[in-house]
Amino acid sequence: MGLVLHPTRDVSEVVAIIERWAARHRKTLMVRAEDAHRVPSSVEPVPAEEVATRADALISIGGDGTMLGALRSAVRDPKPVLGVHLGRVGFLVEVEPPDLPEALSRLLSKDFTVESHACLACDVCGDDVVAFNDIALVRQPGSGFVTATLAVDGQRYGYYRCDALVVSTPTGSTAYSYAAGGPLVSPAANAVVVTPSAPMAGISRAVVLAPEEKIRLELEPNSAAVAVEMDGRVFRDAATEGTVDISYRRDAGLVVRFDPLRYQERNQLKLSLLDLPFLPDQLRELLPEELRRERNQRELEPPC
């Protein structure tokens with residue numbers, strides 16, 4: 001099994017749970033060599049590009065960003081990815097640390113389902129990248145607006161003049177695109193959403209396209225310098241010209257699910273909470289007393 005770690009959070013307790021389980025079941029754990037200092041010596045360090053290729057499954061320890069990184073690492077040869085929640089909201093991850101031993105045993109016995117995820121395969125000025133949530137062209141503060149034309153299957157449709165231009169998968173429709181006013185798309189659908197953030201001129205509404213359609217965004221000569229973000233990570237900074245060609249790739253990532261219905265219900269609740277103007281401590285007060293006591297008890301219990 002390959003471990004994919006959150007870049008900054010303390011993952012030692014979760015890794016210890018996994019290590020003890022792996023020792024009992026005689027399973028090998030791997031981690032990229034750069035993270036070797038963050039895990040016990042029993043976890044084998046390997047080159048970053050070999051973690052996904054050598055592993056039968058990946059365990060992502062963090063939030064949605066870590067999960068997206070695990071999916072991208074295995075895009076050439078998709079492996080099941082189990083998400084362990086250490087983040088804040090977490091729409092992709094399913095397992096909480098106290099439930100990890102049971103989840104690992106179910107993973108070993110193949111008692112789970114696989115949720116298939118599509119990605120966006122992008123040619124950014126000649127460089128190939130993939131994104132499971134979204135790719136975005138974002139203005140730099142104080143530098144003007146993103147001005148780009150949209151072409152679909154070679155036919156020019158119009159232009160955008162906005163703060164950011166977000167192209168998302170159905171999974172990514174709950175992220176940047178949603179914050180920019182885009183629609184929520186069912187994860188069961190196959191579609192691509194193009195959403196402008198704070199549009200000033202040109203196309204001002206989100207556009208939903210078919211997965212077979214090829215998308216091209218081309219910066220206009222009067223566009224400000226833009227950053228190109230892939231799943232929230234800056235891929236190119238201060239681009240002033242060039243094109244982004246985007247196509248939709250089905251079944252590019254495999255996410256482990258143990259209870260799909262419960263997972264969907266939990267995400268519906270999270271989406272509703274995102275629209276409430278409350279701080280996390282205030283949101284806890286909205287929970288019934290019984291649920292608050294249960295949550296507090298689980299936070300106090302040491303991991304088994």
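How much space lies in the largest cavity? About 60 Å³.

First, the ground rules. This is a predicted model, in which local features need pLDDT of at least 70 and side-chain atom pairs count only at pLDDT 80 or more, while totals for chains, interfaces and linings use all residues. Residues are numbered from 1 along each chain as its sequence is written, and side-chain values use heavy atoms, with hydrogens and water left out.

Now the sheet. Strands here are DSSP runs of E with at least two residues, numbered from the N terminus, and two of them pair if DSSP finds at least two bridges between them. There is an open sheet of 6 strands, in the order β14-β12-β11-β8-β16-β17, with antiparallel pairing. β14 (207-209) and β17 (233-239) are the edge strands, each pairing on one side only. On average, neighbouring strands of this sheet are turned by 15 degrees against each other, direction ignored; the axes are lines fitted to C-alpha atoms, and angles run from 0 to 180 degrees between N-to-C directions.

Within that sheet, β8 (residues 134-139) and β11 (residues 164-168) pair over 5 bridges. Leucine 137 of β8 stands opposite leucine 165 in β11.

Next, β6. Strand β6 (residues 113-124) runs antiparallel to β18 (residues 243-257), joined by 11 bridges. Here serine 116 stands opposite leucine 254. β6 also pairs with β7 (residues 127-131), in the antiparallel sense, over 5 bridges, and leucine 120 has alanine 131 as its bridge partner. The hairpin of β6 and β7 has 2 residues between the strands, and cysteine 125 takes a positive phi near 50 degrees there.

One loop to look at: aspartate 153 is found between β9 (146-152) and β10 (155-162). Aspartate 153 is 61 residues from lysine 214 in sequence, yet the C-alpha atoms are 4.9 Å apart. Aspartate 153 touches Glu212, Glu213 and Lys214, not counting residues up to four places away in sequence; contact means heavy atoms within 4.5 Å.

Back to the cavity. On a 1 Å grid over the protein atoms alone, a cavity is a set of points where a 1.4 Å probe fits but cannot get out, and lining residues have an atom within 4 Å of a point. The count comes to 1 cavity of 30 Å³ or more. Its lining includes Cys125 and Leu137, both mentioned above. β15 (215-219), β16 (226-230) and β18 are the elements that give two or more residues to this lining.

Note on methods:
Helix = DSSP H or I, 4+ residues; strand = E, 2+ residues; numbered from the N terminus. 1 Å grid on protein atoms, 1.4 Å probe; cavity = no way out; pocket = protein on both sides within 12 Å on 5 of 7 lines; lining within 4 Å. Points joined across faces, edges and corners; volume = space filled by probe spheres on them.
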